[in-house]
Amino acid sequence: MECKVCGSALEEGRVRCPECGFPVMMMVDGTLQEKEKIEELARDYRKKKLAAASVALIVYTNEISGDQVSVKAQECIVLASGEKLSGHAIVWYPECFARLDGHPTLRLSIVNSKGETRVQSMEIANPQIQDFWQIGVLPEAGFKCRLVLGNADKYTVTESISLL
């Protein structure tokens, strides 16, 4: 059996999903109306959980002094939040970033539905574009997403990131 909201496997005897907290609901009559009602409750629960979630990129401004490089400033820019995390299309951040060589490491700030923040670092493959890059979020089922680097024609993606 799996959770109607996030798709996690549910062990027998569970009353709530261990991942998202949605109550385990069993169909009594097995009617289409009953199934639709459970699906509606699952959609509403997912929407409510995602309303408080966000994915932000931590952007650093570095300062070079002689042969020393130090962080001058740090800023969080929200890439996607709330309802935008419930779709299935890439949500592109409107500004472009200078292209970097190698495999850039992205530092993300992820705010879950409880308002808890965690910082996660991950490498992403260079999309081999000679122009400026955009960054985006690709929502996935099960309260997950991937970061996207490149442009609408050519991009690379990270592994899945949990929004919980």
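Figure 1. Lys35 is partly exposed, at 42% relative accessibility (buried means under 20% relative accessible area, exposed over 50%, and partly exposed in between, with a 1.4 Å probe and protein chains only). This is a predicted model, in which local features need pLDDT of at least 70 and side-chain atom pairs count only at pLDDT 80 or more, while totals for chains, interfaces and linings use all residues. Residues are numbered from 1 along each chain as its sequence is written, and side-chain values use heavy atoms, with hydrogens and water left out. The side chain of Lys35 forms a salt bridge with that of Glu39, at 3.9 Å from N to O (a side-chain nitrogen of Lys or Arg within 4 Å of a carboxyl oxygen of Asp or Glu). Both residues belong to helix 1 (residues 32-51), and because they are 4 residues apart, about one helical turn separates them. Helices (H or I, at least four residues) and strands (E, at least two) are DSSP runs, numbered from the N terminus. Glu39 is likewise partly exposed, with a relative accessible area of 35%.

**Figure 2. The salt bridge of Glu140 and Arg146.** The closest N and O atoms of Glu140 and Arg146 lie 2.5 Å apart. Arg146 is partly exposed, at 26% relative accessibility. The structure holds 2 salt bridges. Side chains of opposite charge can pair when their charged atoms come close.

Figure 3. Thr156 lies in strand 8 (residues 155-157) and is buried, with a relative accessible area of 17%. When neighbours within four places in sequence are left aside, Thr156 is in contact (heavy atoms within 4.5 Å) with Ile124, Ala125, Asn126, Pro127, Leu147, Val148 and Leu149.

**Figure 4. The backbone at Gln128.** Gln128 occupies the loop between strand 5 (117-123) and strand 6 (134-140). Although Gln128 is not a glycine, its phi is positive, at about 55°. Most residues other than glycine have a negative phi. Gln128 is exposed, with a relative accessible area of 52%.

**Figure 5. Gln74 in strand 2.** Gln74 is placed in strand 2 (residues 68-81) and is exposed, its relative accessible area being 54%. Residues up to four places away in sequence not counted, Gln74 touches Ile58, Val59 and Tyr60. Val24 is 50 residues from Gln74 along the chain, and 42 Å separates their C-alpha atoms.

**Figure 6. The protein chain as the setting of these views.** The protein chain contains 1 helix and 9 strands, in the sequence order α-β-β-β-β-β-β-β-β-β. The chain is more spread out than a compact globule, because its radius of gyration of 19 Å is well over the 15 Å that the globule rule gives for 164 residues. The radius is taken over C-alpha atoms, and the rule is 2.2 Å times the number of residues to the power 0.38. Along its principal axes, the C-alpha trace spans about 75 × 30 × 25 Å. Of the 164 residues, 36% count as buried. Among contacts between residues at least 6 apart in sequence, 49% join residues at least 24 apart.
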